[in-house]
Amino acid sequence: MPELPEVETIKRELEKKIVGERIKEVIINLPKPIKRPAPAELKKRLTNKKIKGVKRRGKYIILEIEGENFLFIHLKLTGQLIVEKENGPIEKHAHIIFRFASGKDLRFIDLRRFGTMNLVDRMEKFSTYNELGFDPLDSSFNLEKFKEILDKRPTKIKQLLMNQSLIAGIGNIYAAEALFRAGISPLRPAKRLKDSEIKKLLEALKGILKEAIRYKGSSVDNYVTTDGEEGDYEDKLLIYGRDKKNCPKCGSRLESIKLGGRGTNYCPKCQR
DNA sequence: AGTCGCCTGGTA
DNA sequence: TACCAGGCGACT
């Protein structure tokens with residue numbers, strides 16, 4: 001499940017591996033991920049173009065391609081972006097392949113087919129881009145801004161953390177981890193958090209995201225880096241996925257509930 | 001704010 | 001063999 005740390009890891013690797021490469025062919029084995037334009041049009045616009053840069057916004061990877069082309073890629077739950085030699089065996093779910101003049105491929109692989117691609121000629125033309133909230137690691141995202149976001153919102157804090165239009169990049173894993181580290185119950189209405197708790201949560205959030213990036217993300221589900229390697233942060237997760245287990249801090253039994261349709265674990269003793 | 005649908009593979 | 005996971009958009 002790629003969230004901010006996983007997407008950031010992929011972004012940094014792609015920056016090193018594919019900037020400057022020229023696309024000689026776009027192979028579409030499954031058109032479904034291509035939302036717009038029509039697959040044939042996308043092919044036409046990208047063929048024989050150079051990759052100029054790679055950006056990340058929330059959980060989106062953005063490839064900047066010669067000729068005013070911005071390709072927004074969302075990996076959703078099981079998407080992978082792998083760079084490898086073009087003559088290697090084609091993976092079972094390799095839906096879209098960008099074949100470079102150098103003999104390398106960038107392959108978009110997605111078991112569950114939820115991932116998406118949108119090609120636009122200006123960043124702002126991708127409507128979702130304009131609706132994304134703060135990047136939690138950006139220096140402009142400080143205590144004051146975080147307080148403003150929580151202020152007056154009755155939403156449960158975990159759901160607020162995962163609302164991409166407020167803060168962009170946090171998903172189920174890191175929301176749960178940050179709340180555990182900060183000792184805050186996922187059920188607390190956002191507006192009821194005390195200043196001291198908001199401070200703690202912000203520090204936990206930034207800290208965990210940075211650590212996870214250092215470990216190249218968590219390989220929950222089938223996330224891998226652009227080498228096809230797993231991340232190493234999965235072993236550091238203290239609360240996510242620990243259904244029916246005991247709290248790593250106090251030893252009491254963890255609570256497993258559904259929140260906004262998503263599985264949520266927390267320790268009722270350590271998280272208030 | 002809650003629910004559904006999109007998907008496949010692992011698990012009860 | 002039925003069910004569940006889950007980001008996000010669409011819908012209510």
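Q: Across which strands does helix H1 lie?
A: First, some ground rules. This is a predicted model, in which local features need pLDDT of at least 70 and side-chain atom pairs count only at pLDDT 80 or more, while totals for chains, interfaces and linings use all residues. Residues are numbered from 1 along each chain as its sequence is written, chains are lettered from A and ligands numbered from 1 in the order in which they are written, and side-chain values use heavy atoms, with hydrogens and water left out. Helices (H or I, at least four residues) and strands (E, at least two) are DSSP runs, numbered from the N terminus. Contact means heavy atoms within 4.5 Å. Axes are lines fitted to C-alpha atoms, for helices over the stretch in contact, and angles run from 0 to 180 degrees between N-to-C directions. Here, helix H1 (residues 4–18) lies across S6, strand S7 (94–100) and S8, at about 25 degrees to S6.

Q: What is the strand order of the open sheet of four strands?
A: Strands of a sheet pair through backbone hydrogen bonds, either parallel or antiparallel. Two strands count as paired if DSSP finds at least two bridges between them. In this open sheet of four strands the order is S1-S7-S8-S6, and the pairing is antiparallel. Strand S1 (23–28) and strand S6 (79–85) are the edge strands, each pairing on one side only. From one strand to the next, the twist averages 15 degrees.

Q: Over how many bridges do S6 and strand S8 pair?
A: S6 and strand S8 (residues 104–110) pair over seven bridges in the antiparallel sense. Gln80 stands opposite Ile109 in S8. Helix H2 (residues 39–46) also packs on this sheet, where H2 touches S1 and S7 and its direction makes about 165 degrees with that of S1.

Q: What is the order of the open sheet of five strands?
A: The order is S2-S9-S5-S4-S3, and the pairing is mixed. The edge strands, each pairing on one side only, are strand S2 (34–36) and strand S3 (51–57). The twist averages 25 degrees from one strand to the next. S3 pairs with strand S4 (residues 60–65) over six bridges, in the antiparallel sense. In S4, Ile62 is the bridge partner of Lys55. H1 packs on this sheet, touching S3 and S4, and its direction makes about 170 degrees with that of S3. H2 lies across S2, S4, strand S5 (69–74) and strand S9 (116–120), at about 60 degrees to S9.

Q: At what angle do helix H4 and helix H7 pack?
A: Two packed helices are described by the angle between their axes and the distance between the axes. Helix H4 (residues 143–150) and helix H7 (residues 195–214) pack at about 115 degrees, with axes 10 Å apart. Leu143, Phe146, Lys147 and Leu150 in H4 meet Asp195, Ile198, Lys199, Leu201 and Leu202 in H7. By class, this contact has six nonpolar, no polar and three charged residues. In this count Ala, Val, Leu, Ile, Met, Phe, Trp, Tyr, Cys and Pro are nonpolar, Asp, Glu, Lys and Arg are charged, and the others, Gly among them, are polar.

Q: Which residues are around DNA strand B?
A: A residue is near a strand if one of its heavy atoms lies within 4 Å of it. Around DNA strand B are Lys32, Lys92, His93, Leu111, Arg112, Arg113, Phe114, Thr155 and Gln159. Of the atoms of DNA strand B within 4 Å of the protein, 69% belong to sugar or phosphate and the rest to bases.

Q: How far is a phosphate oxygen of DNA strand C from an N or O atom in the side chain of Tyr240?
A: A polar contact is a pair of N or O atoms within 3.5 Å; within protein, one must be able to donate a hydrogen and the other to accept it, and residues adjacent in sequence count only if both atoms are side-chain atoms. For Tyr240 the distance is 2.8 Å. A polar side-chain atom of Arg262 lies 2.9 Å from a phosphate oxygen of DNA strand C.

Q: Which two residues does a cis peptide bond join?
A: Most residues other than glycine have a negative phi, and most peptide bonds are trans. A cis peptide bond joins Arg36 and Pro37, with omega about 0 degrees. Pro37 is in the loop between S2 and H2. Glu68, a residue other than glycine, has a positive phi near 55 degrees, and Glu68 lies in the loop between S4 and S5.
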